[in-house]
Amino acid sequence: AVAKGAVAKDQVVVREDTDAVANRIEREVADDPVAGAAELNPLIERARAFIESALFGHMKGSFTGADRTRPGAFERAHGGTLFLDEIGELPRPLQAKILRALEERRFARVGGTVSLQVDVRIVAATHRDLAALVREGTSREDLFFRLNVVSSTLPPLRERAGDVAILAESLLSRLPKQRPRTLSRDALDCLQQYAFPGNVRE
């Protein structure tokens, strides 16, 4: 399905298995009585501002620490493909800005007034059920339909034991040449039998 989207230059959504590490962090924060909602809200707001700046860029002086104008991911991906991981986690205001950029092919940097033209195809990944998020009201239905032109569900690594050898070979090839760059048959068998609760990231 992803290959089909690549050929057609359509928007693509890839749904992958839950990232156990991220879920564990979320649970720990939620269960921590010290980390109350009032203390987390400023952090969440700063995170939203950072994400918006990372996606759309910002003008010099638009916020504390913005010592120069920077282009964002949309601007840098002009004429190509932009990969957005965990699209289901984006706050609704950012979803609206992404939708406008896709529909109108224009956006403004944070703190900017000039509308910039952009031609970008998005490949988005998520471990969440986007249709369910739409029903709950946490995700925009119009953005979901705009992105969900081509949809593919990626099985977790524990269901793709044959991919372990390919991934291991790719990772080993990145090691410095003085380090061992091969796996024994026993080591590979051990990896292929492992459940990988953290999925590919683990």
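This is a predicted model: local features need pLDDT of at least 70, side-chain atom pairs count only at pLDDT 80 or more; totals for chains, interfaces and linings use all residues.
Helix α8 runs over residues 161-172, 12 residues in total. From first C-alpha to last, α8 reaches 17 Å, close to the 16 Å expected at 1.5 Å a residue. And what lies over its buried residues?

## The chain as a whole

Stepping back, the protein chain contains nine helices and six strands. Of its 202 residues, 33% count as buried. Its accessible surface comes to about 12800 Å², and carbon and sulfur atoms hold 54% of that area.

Taking the contacts in the protein chain with a separation of 6 or more, 70% of them involve residues 24 or more positions apart.

## The largest nonpolar core

The largest nonpolar core has 25 residues, and those that touch the most other members are F56, F74, I98 and I122. Several elements give two or more residues to this core: the helices α3 (37-56), α4 (73-76), α5 (92-104), α6 (130-136) and α7 (141-147), together with the strands β2 (81-85) and β5 (121-126). Which of them supplies the largest share of this core? That is α5, with five residues.

Leaving aside neighbours within four places in sequence, I98 is in contact with L55, F56, F74, L84, L90, I122 and L143. Three of these partners, F56, F74 and I122, are listed with I98 among the core residues that touch the most other members.

## Helix α5 and what follows

Helix α5 has 13 residues, which should span 18 Å at 1.5 Å a residue; its end C-alpha atoms are 18 Å apart, so the two values agree. The buried residues of α5 are L94, Q95, A96, K97, I98, L99, A101 and L102.

Just after α5, R105 takes a positive phi of about 55 degrees.

## Aromatic pairs

The structure holds five aromatic pairs. One of them joins F74 and F107 in a tilted arrangement, 6.3 Å centre to centre with 50 degrees between the planes. This pair links distant parts of the chain, with F74 in helix α4 and F107 in strand β3 (residues 106-107), 33 residues apart. F74 counts as buried at 1% relative accessibility, and F107 is buried too, with a relative accessible area of 5%.

Another pair, Y194 with F196, is edge-to-face: the centres are 4.7 Å apart and the planes make an angle of 75 degrees. Here Y194 is partly exposed, with a relative accessible area of 38%, whereas F196 counts as buried at 10% relative accessibility. Back at the F74 ring, ring pairs link F56, F74 and F107 into a cluster.

## Residues worth a look in the loops

Where does F196 sit? It is found in the segment after α9. F196 has a positive phi of about 45 degrees although it is not a glycine. E86 also has a positive phi, near 55 degrees, and is likewise a residue other than glycine. E86 lies in the loop between β2 and α5. Is E86 buried or exposed? E86 is buried, with a relative accessible area of 16%, so it falls under the 20% cut-off.

S139 belongs to the loop between α6 and α7, and it is buried, with a relative accessible area of 8%. Setting aside neighbours within four places in sequence, S139 is in contact with G88, R92, Q95, L133 and V134.

How values were computed
Residues are numbered from 1 along each chain as its sequence is written. Side-chain values use heavy atoms; hydrogens and water are left out. Helices (H or I, at least four residues) and strands (E, at least two) are DSSP runs, numbered from the N terminus. The expected span of a helix is 1.5 Å times one less than its number of residues. A nonpolar core is a set of buried Ala, Val, Leu, Ile, Met, Phe, Trp, Tyr and Cys residues joined through side-chain atoms within 4.5 Å. Buried means under 20% relative accessible area, exposed over 50%, partly exposed in between (1.4 Å probe, protein chains only). Contact means heavy atoms within 4.5 Å. Accessible areas come from the Shrake-Rupley method with a 1.4 Å probe; for residues, only the protein chains shown count as cover. Rings of Phe, Tyr and Trp (its six-membered ring) pair if their centres lie within 6.5 Å; planes under 30 degrees apart count as stacked, over 60 as edge-to-face and the rest as tilted.
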